[in-house]
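Please open the model in a viewer and keep the selection panel at hand.

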Amino acid sequence: MFTTHDVFEKDPKMMREVYCDTLIELALVNDDIIALDADLMSSSGMKPFFQRFPERAFNCGVAEANMIGISAGLSAMGKIPFAHSFGCFASRRVCDQVMISAAYAKQNVRIVGSDPGVTAAYNGGTHMPFEDMGVLRSIPEITLIEPADNVVLADVVRQLEKEYGVFYIRMARKNAVSIYQEGSNFHIGRGNTLLDGTDVTIFASGIMVHEALKAASILQVDGVSARIVDMFTWKPIDTELVENCARITGAFVTAENHNIVGGLGSAIAEVAAQTRPVPIEMVGVKDRFGQVGTEDFLRTEYELTAADIVAAAKRATQRKG
């Protein structure tokens, strides 16, 4: 079990600040840490890193594919590159370079895609990645991570100093709801069980973790015991945990700020189908494009709220028979 805050509030520190501060912390003791950005240093909050380490920071311009090629080349020379762009450009636009230059070539590259899903808000449909994890999930040996809050983000970035391979971090830029206490530890590739339950398991990640916890409180009043799992690593998925949850609860809900086609729901369903099939209801974007709007409006529009999770959980438990 992981200790969560009793009262959920937004962290006063933006996720982009935590990303930059953690990279600075690592770069102070490791000369191989390199930061690359696609002309988005203000958006990513990386200006302090660029000012502190101008010889280890590269603005690649609006040329994300080239940025990944440069990252792969730096890796081949023994460096540890962290490359950032908006999630839509850090996935769709660079897919071939991630596949061939980074993954196929066995390089050591970290890619950070910001503003996932509805968190892109006023940037609209062209910049609203509902498909980034699905695009990259089919690439062999890549690791896909979506932190729920600053504590997970900082811990994962620190771990990636020592890990080897191609990693994609899907990160909201602004203030996340605090889920974990400082000092919590995380294991890449394993989900975190935040709440025990016996009737249904809700697998969530990113901004949907808080919605899942709110849903669990509502379900408890209605007599439904919900188990909540923060599946912050989408690939490799925690097969053992999924199978164990199927055995305990016999019904699943997946909650993602992403298209349900090729997303977290698909990943969980693949495991369940091969290990212990159970009824699964998917809360996520139903194969739609994005649009302009406030984040609150978009959460409602795309059915990404606690109420949607509650309804899905009730459907899943009813399907158990």
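A disulfide is a pair of cysteine sulfur atoms within 2.5 Å. A search of the whole structure finds zero disulfides. This is a predicted model, in which local features need pLDDT of at least 70 and side-chain atom pairs count only at pLDDT 80 or more, while totals for chains, interfaces and linings use all residues. Residues are numbered from 1 along each chain as its sequence is written, and side-chain values use heavy atoms, with hydrogens and water left out.

Select Cys 88. Cys 88 is buried, at 1% relative accessibility; buried means under 20% relative accessible area, exposed over 50%, and partly exposed in between (1.4 Å probe, protein chains only). Select Cys 95 next: this residue is partly exposed, with a relative accessible area of 24%.

Now display the strands. Helices (H or I, at least four residues) and strands (E, at least two) are DSSP runs, numbered from the N terminus, and two strands pair if DSSP finds at least two bridges between them. An open sheet with mixed pairing is formed by five strands in the order 7-9-8-11-12. Strand 7 (192-195) and strand 12 (280-285) stand at its edges, each with a single partner strand, so one side of each has no neighbour in the sheet.

Select residues 226-230, strand 9: three bridges join this strand to strand 7, and the two run antiparallel. Asn 192 stands opposite Asp 230 in strand 9.
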